[in-house]
Amino acid sequence: MRARVPTALAASLALALAAGPLAAPAFAAPAAASARHSSGPDADALRAAIAGLPDADATAALLRVGGDGTWKGTAGVRDVRTGAPALENGRFRAGSVTKVVTAAIVLQLAAEGRVDLDGTVQHYLPGLLTADFKPITVRQLLNYTSGLGPGASLGDTVEEGYPHRFEMLTPRQVVAASVAEGPVHDPGTRQDYGNIHYTVLGLLIEKVTGDSYAHQAAVRIFRPLGLRASSFPVGADPRIHGPHNRGYDWIDGELTDVTDWNMSDRWAAGDLISTTADLQKLLVGLFRGRVVPEPQLREMFTLPDVPGARYAAALERFELHGRVIWGKTGSRPGYATVIAATRDLSRTLVYSVDSTDAKGDGQATAERFAYPAFNR
């Protein structure tokens, strides 16, 4: 049965918007030295970005800006019903930021000589692909040029997925659906961003290590970096354990609580639960070479030689205000996430926005919450 959030929930948000923010934004004051630094973050623009929450587009926002000067802001509500202020260290679904963790594990295995980036899926996972597929390399999975098509899903939109949010899809089922459709193009000739590449990489990690993907993430990434609030759900568990802000989405014109949702069909491509503090540690540790050693780290900042390529291994290349920025977006129902930084870490950004259209066009969310971090 499809459980709906009462209409009173939407009404409470409407009342909140009419009356103004339910909770005043909470800001961490910059250090005195940072405040004097002319190249520090544009605090006024960042304050303006999160002012007025909750509104029709988001119920909460958690931002952390670092590098040459720091800024931190939290605004909105933890729960629309109660109006309790948003938790600065609340956990959330980080969506496709998961791919950064997956890529890092694979590149660590490459540094250890256990995976050859020019080795093939057919070698590491015999029988996974049919004879219709030409050899696909590990590197082509990492940079989204494998030629694999989308796999099975419990719904590509929030509306489609909501009735199936407590159902289960295994990684093998996801991949089998892709394989059944055959290759979309020859490997290495085109870049098509998608979850399927990283679902296969998750299977590769488990095959090579003889261990679960989640445990490898814990021992290789989370524990060494001190990411104490980062985890993957156990099986089909739909809950976010620990303190968190509720996520909402407009479904059929009604503001619906979408916090509890089984993300098993996303797995190594989008199942991560984390916090902005943890993701900032991941971002800085990764860029400083504390997660993936050279030369493997270069894979994360090298675009493949195909027309229009924007992605390296997990990370996407952006240009904004004359700066080159490397980052990753992630979206799950109710939650939109970004990690981004200049290569030299002179500016870093991590945010989680409880977006009411997280799976829609993310450009407006990025323009509002991400762009101001790189104004200067």
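Modeller: Start with Arg239, which forms a salt bridge with Asp237, their closest N and O atoms being 3.2 Å apart. A salt bridge here is a side-chain nitrogen of Lys or Arg within 4 Å of a carboxyl oxygen of Asp or Glu. Before going on, note that this is a predicted model, where local features need pLDDT of at least 70, side-chain atom pairs count only at pLDDT 80 or more, and totals for chains, interfaces and linings use all residues. Residues are numbered from 1 along each chain as its sequence is written, and side-chain values use heavy atoms, leaving out hydrogens and water.

Back to the pair. Asp237 is buried because its relative accessible area is 15%. Buried means under 20% relative accessible area, exposed means over 50%, and partly exposed lies in between (1.4 Å probe, protein chains only). Arg239 has 45%, so Arg239 is partly exposed.

By this rule the model has 16 salt bridges. One of them joins Asp192 and Arg190, at 3.0 Å from N to O. Asp192 counts as partly exposed because its relative accessibility is 26%. Arg190 has 38%, so Arg190 is partly exposed too. Arg317 and Glu319 also meet in a salt bridge, at 2.8 Å from N to O. Arg317 is at 30% and therefore partly exposed. Glu319 reaches 58%, so Glu319 counts as exposed. Arg64, Lys72 and Glu88 are linked in a network of salt bridges.

Now look at another acidic residue, Asp278. Asp278 sits in helix α12 (residues 276-287). Helices (H or I, at least four residues) and strands (E, at least two) are DSSP runs, numbered from the N terminus. Asp278 is buried because its relative accessible area is 5%. The side chain of Asp278 reaches the backbone nitrogen of Ala229 at 2.9 Å. Such a polar contact is a pair of N or O atoms within 3.5 Å; within protein, one must be able to donate a hydrogen and the other to accept it, and residues adjacent in sequence count only if both atoms are side-chain atoms. Beyond four places in sequence, Asp278 touches Gly226, Leu227, Arg228, Ala229 and Ser230. Contact means heavy atoms within 4.5 Å.

Next, the nonpolar inside. A nonpolar core is a set of buried Ala, Val, Leu, Ile, Met, Phe, Trp, Tyr and Cys residues joined through side-chain atoms within 4.5 Å. In the largest core, of 74 residues, Leu142, Ile221 and Met300 touch the most other members. Helix α4 (residues 98-111) gives the largest share, nine residues. Apart from neighbours within four places in sequence, the contacts of Ile221 include Val101, Ala104 and Leu282. A second, separate core has 23 residues, among them Ile50 and Phe374.

Finish with strand β11 (residues 347-355). Nine of its nine residues are buried, so β11 is largely enclosed by the rest of the structure. In a regular strand the side chains alternate between the two faces of the sheet. In β11, Arg347, Leu349, Tyr351, Val353 and Ser355 point one way, while Thr348, Val350, Ser352 and Asp354 point the other way. Two strands pair if DSSP finds at least two bridges between them. Strand β2 (residues 58-67) pairs with β11 in the antiparallel sense over eight bridges. Leu62 has Ser352 as its bridge partner in β11. Strand β10 (residues 335-342) runs antiparallel to β11, with six bridges joining them. Here Val338 stands opposite Tyr351.
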